[in-house]
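Have the viewer open while you read.

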Amino acid sequence: MLVDSHAHLEGHRFDSDREEVIARAREAGIETIVAIGNGDGPVNFDCGILLAEKYEFIYATIGIHPHEAKLADQSALDRMEQLAKRPKVIAWGEIGLDYFYDHSPREVQQNAFISQMELARAAKLPIVIHCRPSDNSENAWEDCLGLVQEQWAPSGLGGIMHCFTGNVAQAKRALDMGFMVSFAGNITFPKAQQIRDAALEVPLDRILIETDSPFLAPIPYRGKRNEPLFVKEVARQLGELRGLSTEEIGQQTTQNFNRFFSLHEKRMTV
Ligand SMILES: [Zn+2]
Ligand SMILES: [Zn+2]
């Protein structure tokens, strides 16, 4: 029993075998996948939704990634506002700040982040946050957690800190604001001690797991294309850290996911 809470299944690297990748995950016990709907920006905003509408066990998000923040003009925001109403959209994201690549100027990223938090609040959807500081810096964390505190925490809708790479103090701030903390394949990398330290401190009932496919394949697949099936390796690593089996981590994180999104309720009404 496993949930991959974050996968970019529309990615071109899945074009030749997307159906097999999804079938493989399903056969291996991945009961739910969240298809992140950033795509390449406005040209394919509905990429997550299209997959979710095709497969019962896939849910979708909608949003502009910080890399594409400069594309967040009024027409893009209006279109997302409409798409967010589709029944299988369960969160807004990934949104946030990426000061590592700086593909969009930081002020533009901050504005796109704020505008999308406003839309998510109106749509009553939790948010999925991407936060990456520049090398050897905490800059994006300071700005991101500050903006969330100001603009989002009062909504009470919470969200997911996806592919968490921050420290224990940053995880605690996110937890205090109602966030789940999601760990990805990089938790298995030898140099990622900070991630493992944080993973030991986050309460078990607030942890999610993800692949961020096709990126960041965990050991022993590092360097290859990642896929939802490999979320098992994230569960295995968390289990080793916490003295639990891969199955126990799978079960706990699946329960956490279903509780946070109340999916069983939604499944009955869709
Ligand atoms: Zn991300
Ligand atoms: Zn992602």
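Predicted model: local features only at pLDDT ≥ 70, side-chain atom pairs only at ≥ 80, totals over all residues.

Residues are numbered from 1 along each chain as its sequence is written, chains are lettered from A and ligands numbered from 1 in the order in which they are written, and side-chain values use heavy atoms, with hydrogens and water left out.

**Metal site**

Start with the zinc ion (ligand 1), which is coordinated by Glu94 (OE), His130 (ND1) and His162 (NE2) at 2.0 to 2.1 Å. Donors here are N, O and S atoms within 2.8 Å of the metal (3.2 Å for Na, K and Ca), and water is not among the atoms, so sites may look incomplete. Along the chain, the donors of this zinc ion (ligand 1) are spaced E-x35-H-x31-H. Glu94 also coordinates the zinc ion (ligand 2), and the two zinc ions are 3.5 Å apart. Glu94 sits in strand 4 (residues 89-98) and His130 in strand 5 (residues 127-132), so this pair, 36 residues apart, links distant parts of the chain. Strands (E, at least two residues) and helices (H or I, at least four) are DSSP runs, numbered from the N terminus.

| Residue | Backbone feature | Location |
|---|---|---|
| Pro214 | cis peptide bond from Ser213, omega about 5° | loop between strand 8 (207-209) and helix 8 (231-242) |
| Asp102 | positive phi of about 50° | loop between strand 4 and helix 4 (106-123) |
| Asp212 | positive phi of about 60° | loop between strand 8 and helix 8 |

Asp102 counts as partly exposed because its relative accessibility is 35%. Asp212, at 9%, counts as buried.

**Helix pair**

How do helix 5 and helix 6 pack, and at what angle? Helix 5 (residues 139-151) and helix 6 (residues 168-176) meet at about 15°, with axes 11 Å apart, so they are roughly parallel (angles under 35 degrees). The contact, meaning heavy atoms within 4.5 Å, involves Trp141, Glu142, Leu145, Gly146 and Gln149 of helix 5 and Gln170, Arg173 and Ala174 of helix 6.

Technical notes. Axes fitted to C-alpha atoms, helices over the stretch in contact; angles between N-to-C directions. Parallel < 35°, antiparallel > 145°, perpendicular 65-115°, else oblique. Buried < 20%, exposed > 50% of the residue type's maximum accessible area, 1.4 Å probe, protein only.
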